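Subject: Structure handover

Hello,

Here is the structure I promised to pass on. Please open it before reading the notes.

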Amino acid sequence: MAREFTTVGVVGLGTMGAGIAEVFARNGFEVVGVEQSDEQLQRGRTHIHQSTNRAVRRGKLDPQDQQAIFHRLTLTRSMSDLADCDLVVEAVVERLDLKRSIFSQLDKIVRPDAVLATNTSSLSVTEIAASTSQPGRVVGLHFFNPAPVQQLVEVVRTVVTEPAVVEEVQGVARRLGKNPVTVGDKAGFIANALLLSYLNRAAAFYESRYASRADIDAAMRVGCGYPMGPLALLDLIGLDTAYQILETMYGESRNRLHAPTPLIKQMVTAGLLGRKTGRGFYTYEAADNPTVVVADAETPSPDPDPHRARSLRRIGVVGSGPLANGIVKAFGNGGLEVSHAADLGSLQQVGEEDLVVEAVSDDPEEKKAVLEHLGKVCGPDAILATTITDITAVPVVEIAVATGRQQDVVGLHFIDPTASSDLVEVVSTVSTSADVTATVQALVMALGKQPVLCGDRAGFVVNALLFPYLNDAVRMLDDHYASADDIDTAMKQGCALPMGPFEVLDMVGTDVSLTIQRQLYRESREPGLAPAPLLEHLVTAGYLGRKTGRGFREYSAP
């Protein structure tokens, strides 16, 4: 029978430690919080005051319950005051030497039956446990920030953690109203291992000037429904924290995609750590202030230059399928006059238009044929746009050269041409004129949609960031590190994503996912981007997701 824990110690009362102490005190535990100085103790108390005051203002906490929290809370500078605790949670900075030192001290202070837990987000729990005489009582207990709000807790067992200890800690997490997900001791665990690789790739995109900071963030917010863009999220997490987690992941995996992109290291070295220092990828009004200063080093998502953008009076669309019809509808909803040519035989009717959008099929050869004809029948000042779908297998420039006037050609990737998505990726090739890009950007904005400007690379922004993350999740499942349900739960509750990776994969289709991942790998030849074998096996077996009734899960009807 599991023990009933009543008294909990928390070592370290920074933002995370104070939040953890608050969570335990809110749920009836007696809490002993330890810090090194009176100033740090006061800062921890202030964190809890501010957090609980917000909860009172929002009606989430009664004033008398707030007082009860502080009655249960004892703050001290002496580790010896933890002697009677049933459970001690360490929440200091991510330094292995410091954590090992603390656990070595705790091992001599607490009772032999007390459980020791580390809130590390990426360091080896096994190495931390090895600094004690009883590593079997050591477990990882990874809360997410802000601890009072986030529902997920990762319970990390080592190869020597006693099963009873894991069970007891799971029970404690449930008493806190949290959802515990239990995993093995692997760098980054579930959430950070998947999240940080995605954030690192986004930082690399920005570093290479492939897309602007604002466009990268808008792509993932608008295109995927994420609560924050990756660069803004890096600022929130802290560039130093992200760098440390990535270094730990790379040290274990030797996967180059886990190696921190040089820009992150340079920013950490320069002290540009994100919100907590007032400047990271964005500039903020002050340290720990979430308000972004608009006029900083980069003008986010600049409005189209009125001197470059052309006036468009007449729009043409070529194609007869759902994509073409959706684009015609989008232009019509935007109050534009649209000519619609269903096939090659009717191209003359769009010959006088200022902009013509090709949306015939996914077949590159058919697209080239249409663009070749448009290059001949359209006026010399007309802009030509080719629509790129998720499974179009060639770069925009390869289609553009068929026109003989590739400076006039731009790519358009409608995430969804109907009102269900407001994102359109505007893809410039090495030949596209700046005024063409600015004109199409202005047109997309006039439709009430969000344009994202990017270069002509596989996946553009959304797919190039989304699908490697999904592929990493498949690899994690294939390694039997965690179940699909636990991985989905971790990413939804730990990272506030609208859907878990396997929910997305089954919705999109494993075949589409495999096609995109193959494109990304074929372009880069990066081993970490090779499609996960399990993904290939599911497609081979015909398990394509919801549309076939079975993918990573089974469904009652296709």
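The notes below go from the whole chain to single residues.

**Overall**

Keep in mind that this is a predicted model. The protein chain holds 20 helices and 15 strands. Its C-alpha trace spans about 85 × 55 × 40 Å along the principal axes. The radius of gyration is 27 Å. A compact globule of 558 residues would come out near 24 Å, so the two values agree.

Of the 558 residues, 54% count as buried. The accessible surface comes to about 23,300 Å². Carbon and sulfur atoms account for 50% of that surface. I also looked at contacts between residues at least 6 apart in sequence. Of these, 69% join residues at least 24 apart.

Strand 5 covers residues 115-118. What does strand 5 pair with? On one side of the list is strand 4 (residues 87-90), which runs parallel to strand 5 and is joined to it by 4 bridges. Leu87 stands opposite Val115 in this pairing. Strand 6 (residues 138-143) also runs parallel to strand 5, with 3 bridges between them. Here Leu116 stands opposite Val138.

The side chains of strand 5 split into two sets. Val115 and Ala117 point one way, Leu116 and Thr118 the other. All four are buried.

**Salt bridges**

Side chains of opposite charge can pair when their charged atoms come close. The count in this model is 22 salt bridges.

- Glu22 and Arg26: the N to O distance is 3.0 Å. Both residues sit in helix 1 (residues 15-26), 4 residues apart, so about one helical turn separates them. Glu22 is buried, at 1% relative accessible area. Arg26 is partly exposed, at 30%.
- Lys368 and Glu365: the closest N and O atoms are 3.4 Å apart. The two residues are 3 apart in helix 13 (residues 364-377), again about one helical turn. Lys368 has a relative accessible area of 16% and therefore counts as buried, the cut-off being under 20%. Glu365 is exposed, at 51%, because the limit is over 50%.
- Arg518 and Glu536: the closest N and O atoms are 3.7 Å apart. This pair links distant parts of the chain, 18 residues apart: Arg518 lies in helix 19 (residues 510-524) and Glu536 in helix 20 (residues 533-540). Arg518 is partly exposed, at 41% relative accessibility. Glu536 is partly exposed too, at 27%.

**Asp506**

Is Asp506 buried or exposed? Asp506 is buried, with 1% relative accessibility. Its place is in helix 18 (residues 501-508). Leaving aside residues up to four places away in sequence, Asp506 touches Leu544, Gly545, Arg546, Gly551, Phe552, Arg553 and Tyr555. Asn145 is 361 residues from Asp506 in sequence. In space, the C-alpha atoms of Asp506 and Asn145 are 29 Å apart.

**Backbone points to check**

Asn145 comes up again here. The peptide bond from Asn145 to Pro146 is cis, with omega near 0°. Pro146 belongs to the loop between strand 6 and strand 7 (152-157).

Which residues other than glycine have a positive phi? Two to look at are Phe460 and Ala496. Phe460 has phi near 50°. It lies in the loop between strand 15 (450-455) and helix 16 (462-478). Phe460 is buried, at 6% relative accessibility. Ala496 has phi near 60°. Its loop runs between helix 17 (484-495) and helix 18. Ala496 is partly exposed, with a relative accessible area of 39%.

Best wishes

Notes. Residues numbered from 1 in each chain as written. Predicted model: local features only at pLDDT ≥ 70, side-chain atom pairs only at ≥ 80, totals over all residues. Heavy atoms only, no water. Salt bridge = Lys/Arg side-chain N within 4 Å of Asp/Glu carboxyl O. Buried < 20%, exposed > 50% of the residue type's maximum accessible area, 1.4 Å probe, protein only. Contact = heavy atoms within 4.5 Å. Pairing = 2+ DSSP bridges. Rg over C-alpha atoms; globule rule 2.2 N^0.38 Å. Areas by Shrake-Rupley, 256 points an atom, 1.4 Å probe, with all protein chains shown as cover.
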